[in-house]
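Please look through the sequence and the model shown below. The paragraphs after it go through selected features in turn.

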Amino acid sequence: YEIKENKENNTIEITINVKEGEKMYIPDKGITINGLKAFTQDAIKGKMETSEAKFLVSGTFKEDVFQKDLKKIISYYNSEGFVNAKIVSYDIKYDDLKEKIFLTINLDEGDQYKFGEVKVEVGDEKIFTPDKVKEKFTLKQGDIFSEETYKRDLDRVKFIYSEKGYIGANILDTKNFDAEKKLISINLKVNEGKVFYISGVQIDGNYKTKDYVVKRELLVKQGEPFDGDKIRRSSERIYNLGFFEDVNINLLPGKDSDSRILIFNVKERQTGQLQLGAGYSTLDGLTGFLQVSENNLFGEGRRIAAKWEFGAQRQNYELSFLEPYFLGEPISLGASIYKLLRAYYVTYKDERIGGNARLGISSGEN
């Protein structure tokens with residue numbers, strides 16, 4: 001680098017000179033994994049995004065991607081019962097010409113463990129007995145222990161409490177390792193706590209869509225106890241509107257200690273579309289179409305679309321509108337009109353004008 005100082009205007013100019021060199025790649029058989037016993041090289045390499053150069057594969061090396069690959073390898077071993085698997089070390093080397101990259105991963109698989117038994121202790125047993133909690137475990141005694149499946153089972157236990165409003169239920173899990181029998185047993189201590197109520201519902205992140213458009217999709221109401229299933233379904237209904245890229249749920253303290261404010265954080269997406277196309281046929285000559293649609297008109301959830309098809313032998317105009325909640329009720333009402341003109345011969349033309357109406361009534365949640 002070069003530094004030039006200009007004393008007249010009290011500035012410094014910095015010039016950085018870079019020599020890129022050649023772009024390097026991982027050649028075929030350029031990745032070596034040591035310490036494998038339970039799985040083959042190809043099986044572990046298949047879990048990595050970093051790959052060797054092959055047909056239609058560049059073999060590009062990226063440090064951040066490689067670090068994620070190391071975590072993926074351990075995650076895969078954990079899902080297959082190797083709970084103590086670890087990356088001992090790894091090495092990155094280059095050939096003398098600085099063209100090729102060679103990766104070496106040194107792995108310690110550890111022992112494979114199976115699932116033992118689940119012991120559950122419930123504090124007050126207000127709503128669920130220990131046996132009812134055990135039923136939520138899909139991992140059964142003798143199964144290969146999977147960390148991923150185990151976490152899902154814990155989520156199931158938390159979910160059945162949240163369905164009843166016990167969103168503050170404290171579930172403490174302890175793993176007991178039997179190194180001789182290669183078993184992992186689980187002790188669960190559940191403190192159910194108390195029922196929490198919804199003191200308010202807020203919608204955040206909607207700069208275009210009106211609040212009431214989102215809230216009419218909710219299955220939960222202010223003053224009700226928390227219901228995890230209803231909250232999940234409400235989130236799905238909001239997402240299914242097609243107006244948002246993402247929907248997240250947060251909680252804030254409510255008016256008192258046993259209440260919370262439920263917040264749906266949404267991220268708006270583009271809801272308007274402009275489509276056009278053109279073609280040519282011997283029958284119609286030059287043809288084309290132009291279509292404009294908006295699925296969230298004025299942020300009120302209404303849908304409108306206009307389409308124009310043109311050609312030497314035909315003209316087609318269509319206009320449609322849909323109100324998904326007529327008079328605030330879950331009744332969809334829509335209508336469309338069209339005008340079609342076709343000129344098959346100089347002396348014969350076919351002109352049609354028409355339309356249709358739609359009416360839909362929601363059957364409610366199953």
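Is Phe243 buried or exposed? Phe243 has a relative accessible area of 3% and is therefore buried, where buried means under 20% relative accessible area, exposed over 50% and partly exposed in between, with a 1.4 Å probe and protein chains only. Phe244 is buried as well, because its relative accessible area is 0%.

This is a predicted model, in which local features need pLDDT of at least 70 and side-chain atom pairs count only at pLDDT 80 or more, while totals for chains, interfaces and linings use all residues. Residues are numbered from 1 along each chain as its sequence is written, and side-chain values use heavy atoms, with hydrogens and water left out.

The structure holds 14 aromatic pairs. Rings of Phe, Tyr and Trp (its six-membered ring) pair if their centres lie within 6.5 Å; planes under 30 degrees apart count as stacked, over 60 as edge-to-face and the rest as tilted. Tyr76 and Tyr77 form an edge-to-face pair, because their planes stand at 75°, with ring centres 6.3 Å apart.

Next comes a sheet. Three strands make up an open, mixed sheet in the order β9-β11-β10; helices (H or I, at least four residues) and strands (E, at least two) are DSSP runs, numbered from the N terminus, and two strands pair if DSSP finds at least two bridges between them. Nine bridges connect β10 with β11 (residues 259-268) in the antiparallel sense, and Pro253 stands opposite Arg260 in β11. Helix α6 (residues 228-240) lies across β10 and β11 and runs at about 145° to β10; axes are lines fitted to C-alpha atoms, for helices over the stretch in contact (heavy atoms within 4.5 Å), and angles run from 0 to 180 degrees between N-to-C directions.

Helix α4 (residues 147-163) is a further element to follow. Its buried residues include Glu147, Asp153, Leu154, Val157 and Ile160. Among the elements covering the buried residues of α4 are α2 (63-79), β6 (114-122), β7 (170-178) and α6. After α4 comes Gly165, with a positive phi near 95°.

How values were computed: Expected span 1.5 Å × (residues − 1).
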